[in-house]
Amino acid sequence: MKRRTFVSGSAALAAAGFASRTASAASIKPYSWDLNPPTDTRDNFIAWGKSRGEDPVFLGQRWDRFQALVKNKDIWGAATIRAFLLTPREEFASINPAIHKRAYEHAFLDIGYGVTMSGPHIQGRMTNVIDVKRGEKVLEIGTGSGVQSAYIANLTENAYTIEIIAPLQARTSALYDKLIEKGYTEYQHIKRKAADGYYGWEEAGPFDKIIVTCGIDHVPPPLLQQLKPGGLMVIPVGPPGAQRVLKVAKLQGADGSITTTREDIYGGKIVPFVPFTKLEGDKIVGTHNR
Ligand SMILES: C[S@@+](CC[C@H](N)C(=O)[O-])C[C@H]1O[C@@H](n2cnc3c(N)ncnc32)[C@H](O)[C@@H]1O
């Protein structure tokens with residue numbers, strides 16, 4: 001089994017043109033677990049976010065998308081709603097001027113390197129389905145823009161994320177560092193590395209929850225192995241461009257035997273994801289599909 005791991009530092013912040021395109025370094029009120037954005041009215045939410053130091057235009061868009069997600073049953077439960085309302089998607093979309101203002105759209109958005117930032121509807125539902133409790137250890141495969149792990153960081157201090165495209169991983173890692181400086185201190189708990197996520201993160205496991213954000217035709221055995229008995233994984237499984245998003249539960253019987261159950265979180269609807277690619281040496285070569 002060939003594996004390469006590149007652990008990045010924050011030096012990549014200086015990547016050409018990057019800093020100038022990100023939102024200003026002005027501070028916001030630092031994160032704490034006691035922060036509770038209002039959920040009663042749009043005006044109250046915007047006023048609250050504005051007093052924290054966020055942009056009222058994006059706050060309005062965040063509120064409107066939140067309302068649509070609730071209506072469409074893509075988000076439910078106080079903890080996930082809080083995570084959504086505290087996460088500035090616009091900061092993660094700021095790396096591409098063409099998508100910055102579209103951060104809250106019901107769409108996959110181009111973040112460069114041939115990959116996308118998943119839409120809030122998919123991220124909301126996938127996050128809700130794994131039902132993360134504070135203190136649980138959660139692994140994400142496919143860091144991409146970084147916004148999915150940003151949601152997780154509002155649910156637990158034990159978030160881990162892996163990205164296979166090394167320069168994308170470095171860019172997102174630098175963005176997290178910049179946002180931590182700005183006041184989004186919850187992101188300091190996101191442990192990150194550039195590697196082939198097919199093999200999971202053995203030294204950090206086992207995990208209570210695993211969230212996979214790239215599509216593959218089977219559940220990677222190393223990921224199932226690194227999931228705790230009683231744990232949950234959410235993963236797009238199926239042929240290229242035609243995955244179904246499955247919730248996989250790992251169960252342990254009284255005799256120690258391990259079984260799994262699978263449930264389609266969209267009731268059979270096809271949801272295409274970018275491919276779960278494969279690293280050979282330093283190069284991405286093909287996919288892990290069998
Ligand atoms: C839909 S995209 C990004 C989703 C991301 N969670 C977000 O919120 O923006 C999926 C990501 O999975 C990454 N990926 C694909 N194969 C991978 C692998 N074997 N290991 C780790 N990441 C992988 C892609 O490079 C891409 O960035």
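**Close-up views**

**View A. I99 sits in helix α6 (residues 97-100).** This is a predicted model, so local features are described only where pLDDT is at least 70 and side-chain atom pairs only at pLDDT 80 or more, while totals for chains, interfaces and linings use all residues. Residue numbers start from 1 along each chain, following the sequence as written. Helices are DSSP runs of H or I with at least four residues, strands are DSSP runs of E with at least two, and both are numbered from the N terminus. I99 counts as buried because 21 other C-beta atoms lie within 10 Å. (The cut-offs, with C-beta atoms placed from the backbone: buried is 20 or more other C-beta atoms within 10 Å of the residue's own, exposed is 12 or fewer, and partly exposed is in between.) Once neighbours within four places in sequence are set aside, I99 touches A93, L109 and D110; contact means C-beta atoms, placed from the backbone, within 7 Å. I99 and L109 are 10 residues apart along the chain, and their C-alpha atoms are 6.6 Å apart.

**View B. Helix α4 (residues 78-86) has a set of buried residues: T80, A83, F84, L85 and L86.** Their packing partners are α2 (42-52), α3 (56-71), α7 (120-130) and α8. As a reminder, an α-helix has 3.6 residues a turn, so residues three or four places apart point the same way.

**View C. Strand β7 (residues 207-212) is mostly covered, with six of its six residues buried.** On one pairing, β7 runs parallel to strand β4 (residues 137-141) over four bridges; for two strands to count as paired, DSSP has to find at least two bridges between them. On another, four bridges link β7 in parallel to strand β8 (residues 227-237). Follow I210 in β7: L139 is bridged to I210, and in β8 the bridge partner of I210 is M233. β7, helix α10 (residues 221-226) and β8 form a right-handed β-α-β unit (right-handed means that, with the strands pointing away from the viewer, the path from the first strand over the helix to the second runs clockwise).

**View D. The ligand has 24 residues around it, and G142, G144, S145, Q148 and G197 come nearest.** The elements giving two or more residues to this shell are β3 (116-117), α8 (147-153) and β5 (158-163). By type, the shell splits into 13 nonpolar, nine polar and two charged residues. (Nonpolar covers Ala, Val, Leu, Ile, Met, Phe, Trp, Tyr, Cys and Pro; charged covers Asp, Glu, Lys and Arg; the others, Gly among them, are polar.)

View E. P206 is in the loop between β6 (190-195) and β7. For context, most residues other than glycine have a negative phi, and most peptide bonds are trans. K73, a residue other than glycine, has a positive phi, near 60°, and lies in the loop between α3 and α4. K73 is exposed, since 11 other C-beta atoms lie within 10 Å. D131 has a positive phi too, near 45°, in the loop between α7 and β4. With 15 other C-beta atoms within 10 Å, D131 is partly exposed.

Notes. Near = placed C-beta within 6 Å. Contact = placed C-beta atoms within 7 Å.
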